[in-house]
Amino acid sequence: MTKLFGTNGVRGVVNEDMTSELALAMGKAIGSYLRKTKDKPSVAIGTDARISNVMLKTSCTSGLLSVGCDVVDLGILPTPTLQFAVKEKNFDAGVIITASHNPPQFNGIKVIDGDGTELAKDQEEEIEKIYFSGNIEKTPWDKVGTFSQWNGAIDLYKKSILSNVNVTAIKNAKTSVVLDCGNGAGCFVAPSLLNELDCKVRELNCEPDGLFRGRPSEPVPENLKELMSIVPEEGAEFGVAQDGDADRAIFVDEKGNFVFGDKSFALIARYIVRQRGGGKVVTPVSTSSCLEEVVKAEGGEVIYTAVGSPIVARVMKKVDAVFGGEENGGLIFPEHQYCRDSAMTIAKMLELLAIENRPLSELIDELPKYEVVKLKTHCPNDKKSQVMNRLSEIVADESEVESIDRTDGVKIYTKNGWVLVRPSGTEPIFRIFAESKEKSRADNLALKYKKLVEEIVQ
Ligand code: MG
């Protein structure tokens, strides 16, 4: 193992790659990293609802304590709830034991910075360096850290959500909702939040279960069939599903149709930008142009970043954005905090529907329609950057190409849509996304540039 951190913290199968020994060593490495800038760092730790949560939490806690960090255990809670507590209670860092939407045999460790954001790549690399060099802080016996527990994080977090939405409008609407927490950490926040907002709630998979017996944790159409059938049966105004650590929310309209994440993102973006009379919305280059079209129409501006929610959050802070997020249902509300937050997303959707007073399906139907085609093609890892450079040179001369963006991979804008050629961070492949208003054009774009990449690779 030469790399510890993937795109979303450290993850693996429990007792195979993700062991108690690894969690202990990670705790020591994270603690030693924090000790570089502070004598006695305070660290909040929490977990999602997986069955290996206590095993990994206690190991990691032991590692942190052994190098002189004070640890406060916040219990089982959504990732954004821990992030909020880190920021508001001035912890120096946070650690969340979770594998997000992965199957139950997985678990992971994610580190949170003192401002509540996920660590940036260079910070993770420093922890990695300490881990592999074994350069662990030497701590005398009387300087090991203290341990305590605090159960106030969920209330503190819900209070912030309630202060950032129009509670009166939501309460008056008495919205009927089918809530599917997927047996994850969302169970500890979303049901009570919706009750406090006077919603009529039909609960589905709202009991925490580390085996995810209700449904697989990833909120994709094939896993939400039950939710999609119950929403129209109940006559609910919408359904909503969370992933395992409750940073992402995916909606189902009143007819039981799955609402793709790019649509809910665009809908809420339009609402926020309209309310603010403009502003910047931040998202990765892979996001549908649907977002840009609605944001521009309201006098706002879209700023594109490389793929990854920590990057989106940091750019949002820098440019003072009004909103941001990813197409997978991970939306970021800066007035609340700079991280993906499903409970805040659900509350904002309730406000939007209360104010607009129209069915969700109608609002979604009004949004601009784009067709997306996704392909992939093989490329050895060591050839990727060469291939991308060559691709940029070749397409620069093509008459149909209007501009090229190298923020992440190569994004080629043409008169009829765009195509993004992006190297996978984990596999020897390029992912090719093409988007156009017409399906045939998106197909042509994807196939054309796939062929071109293949020619260059050869
Ligand atoms: Mg997640």
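This is a predicted model: local features need pLDDT of at least 70, side-chain atom pairs count only at pLDDT 80 or more; totals for chains, interfaces and linings use all residues.
Trainee: How should I read a pocket, and which element gives the most to the lining of the second largest pocket?

Mentor: The general idea is that rolling a probe the size of a water molecule over the atoms shows where empty space is left. In this structure the second largest pocket has a volume of about 230 Å³, and 14 residues line it, with Ser-289, Tyr-370, Tyr-413, Gly-417 and Trp-418 lying nearest its centre. Two or more lining residues come from each of α10, β18 (410–414), β19 (417–423) and β20 (429–436), and α10 gives the most, with 4 residues.

Trainee: Where does helix α10 lie?

Mentor: Helix α10, residues 289–297, lies across β12 and β13, and runs at about 150° to β13. Those two strands belong to an open sheet of 4 strands, ordered β13-β12-β14-β15, in which the pairing is mixed.

Trainee: Which strands stand at the edges of that sheet?

Mentor: They are β13 (300–305) and β15 (331–332), and because each has a single partner strand, one side of each is left without a neighbour in the sheet. Helix α9, residues 261–276, packs on the sheet and touches β12, β13, β14 and β15, its direction making about 170° with that of β14. Further in, strand β12 (residues 279–284) runs parallel to strand β14 (residues 323–325), and 2 bridges join them; Val-282, for instance, has Gly-324 in β14 as its bridge partner.

Trainee: Are Asp-245 and Asp-247 buried or exposed?

Mentor: A residue counts as buried when its relative accessible area is under 20%. Asp-245 has 1%, so it is buried, and Asp-247, at 3%, is therefore counted as buried too.

Trainee: What is Ala-442 in contact with, leaving aside its neighbours within four places in sequence?

Mentor: Ala-442 sits in helix α15 (residues 439–457) and is buried, at 0% relative accessibility. Beyond those neighbours, its contacts are Glu-371, Val-373, Ala-434, Glu-435 and Ser-436.

Note on methods: Residues are numbered from 1 along each chain as its sequence is written. Side-chain values use heavy atoms; hydrogens and water are left out. Buried means under 20% relative accessible area, exposed over 50%, partly exposed in between (1.4 Å probe, protein chains only). Two strands pair if DSSP finds at least two bridges between them. Contact means heavy atoms within 4.5 Å. Axes are lines fitted to C-alpha atoms, for helices over the stretch in contact, and angles run from 0 to 180 degrees between N-to-C directions. On a 1 Å grid over the protein atoms alone, a cavity is a set of points where a 1.4 Å probe fits but cannot get out, and a pocket is an open set with protein on both sides within 12 Å along at least five of seven lines; lining residues have an atom within 4 Å of a point. Grid points are joined across faces, edges and corners, and a volume is the space filled by probe spheres set on the points.
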